[in-house]
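This report describes selected features of a single protein chain. The sequence and the model are shown first, and the discussion follows.

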Amino acid sequence: MADTVVGATPDPHAPGDDPSRRDFIHIAAGAAAVGAVAALAWPLVDQMNPAGDTLALASIEFDLGKVVDGQQVVLKWRGKPLFVRKRTAAEIAAAVKDDNASNLRDPATDSSRHKPGKPEWLVLVGTCTHLGCVPTFGGGDYGGWFCPCHGSHYDTSGRIRKGPAPKNLEVPDWAFLSDTQIKIG
């Protein structure tokens, strides 16, 4: 006869096995594996974040009080040159006159490129949209910027008029903080 007791529940584990110890070992090994994967993945994810110097330049403030009519100031913003220009009445008139020109490759009105009521202030990212060169002011056929690398001509509103550049000079997000203070970014 077998040594069975009627009504007793048989133990499915082998003699000497402790089920709570085995479960703990499986959970601990799984937690260690997850921790190891996270420790290996973190440097890969972290290196995709912007560098500290880039974050420091994410937004900048600038005082417009020292800029006179017809003057352009070049600032560094997010590692790129930024043109802040106080346009003359003649430059504004030339830009408005060309709003409906048929040779605008990337059509945009002058009023869409400056803040309402402040047509004299133009803020542009100073890199050519062709290959990223820095255009100079006053050398183009349209009174605006000229890219010496490949010959793109921009008008006084920063719109592409001639040359290989596909788009206008970019207008970043910016706002007036006061009458003479602006914040870019």
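Are Arg161 and Asp98 buried or exposed? In this predicted model, Arg161 is buried, as is Asp98.

**Salt bridges**

The side chains of Arg161 and Asp98 form a salt bridge, with N and O 3.1 Å apart. Arg159 and Asp99 are both buried. Through shared partners, salt bridges unite Asp98, Asp99, Asp155, Arg159 and Arg161 in one network.

The count of salt bridges comes to eight. Among them is the pair of Glu91 and Arg85, whose closest N and O atoms are 2.7 Å apart; both residues are buried. Three of these contacts are listed below.

| Salt bridge | N to O distance |
|---|---|
| Arg85 – Glu91 | 2.7 Å |
| Arg161 – Asp98 | 3.1 Å |

**Helix α3**

Glu91 is also one of the buried residues of α3, together with Ile92 and Ala95. Viewed down the helix axis, the buried residues of α3 fall within an arc of 100°, so they line one face of the helix. Ala89, Ala90 and Lys97 are exposed on the other side of α3. The cover over the buried residues of α3 includes strands β3 (80-86) and β5 (136-137).

**Aromatic pairs**

There are three aromatic pairs by count. In one of them, the ring centres of Phe137 and Trp145 are 4.9 Å apart and the planes meet at 75°, so the arrangement is edge-to-face. Phe137 is partly exposed, with a relative accessible area of 28%, whereas Trp145 is buried at 0% relative accessibility. A tilted pair is formed by Trp174 and Phe176, with 5.3 Å between centres and 55° between planes. Trp174 has a relative accessible area of 6% and is buried, while Phe176, at 24%, counts as partly exposed. Phe83, Phe137 and Trp145 make up one aromatic cluster.

**Strand β10 and its partners**

Strand β9 (residues 174-176) runs antiparallel to β10, and three bridges join the two strands. A hairpin of four residues connects β9 to β10. Strand β1 (residues 60-63) also pairs with β10 in the antiparallel sense, over four bridges. Lys183 of β10 is the bridge partner of Glu61 and also of Ala175.

In a regular strand, side chains alternate between the two faces of the sheet.

**Annotated segment**

The unreviewed UniProt entry annotates residues 24-45 as a "transmembrane region". In the model, this span is 100% helix and 0% strand, and its end C-alpha atoms lie 31 Å apart.

Terms used
Residues are numbered from 1 along each chain as its sequence is written. This is a predicted model: local features need pLDDT of at least 70, side-chain atom pairs count only at pLDDT 80 or more; totals for chains, interfaces and linings use all residues. Side-chain values use heavy atoms; hydrogens and water are left out. Two strands pair if DSSP finds at least two bridges between them. UniProt positions are given in the numbering used here, feature names are shortened, and annotations may be inferred rather than shown by experiment. A salt bridge is a side-chain nitrogen of Lys or Arg within 4 Å of a carboxyl oxygen of Asp or Glu. Buried means under 20% relative accessible area, exposed over 50%, partly exposed in between (1.4 Å probe, protein chains only). The arc is that of the directions from the helix axis to the C-beta atoms. Contact means heavy atoms within 4.5 Å. Rings of Phe, Tyr and Trp (its six-membered ring) pair if their centres lie within 6.5 Å; planes under 30 degrees apart count as stacked, over 60 as edge-to-face and the rest as tilted.
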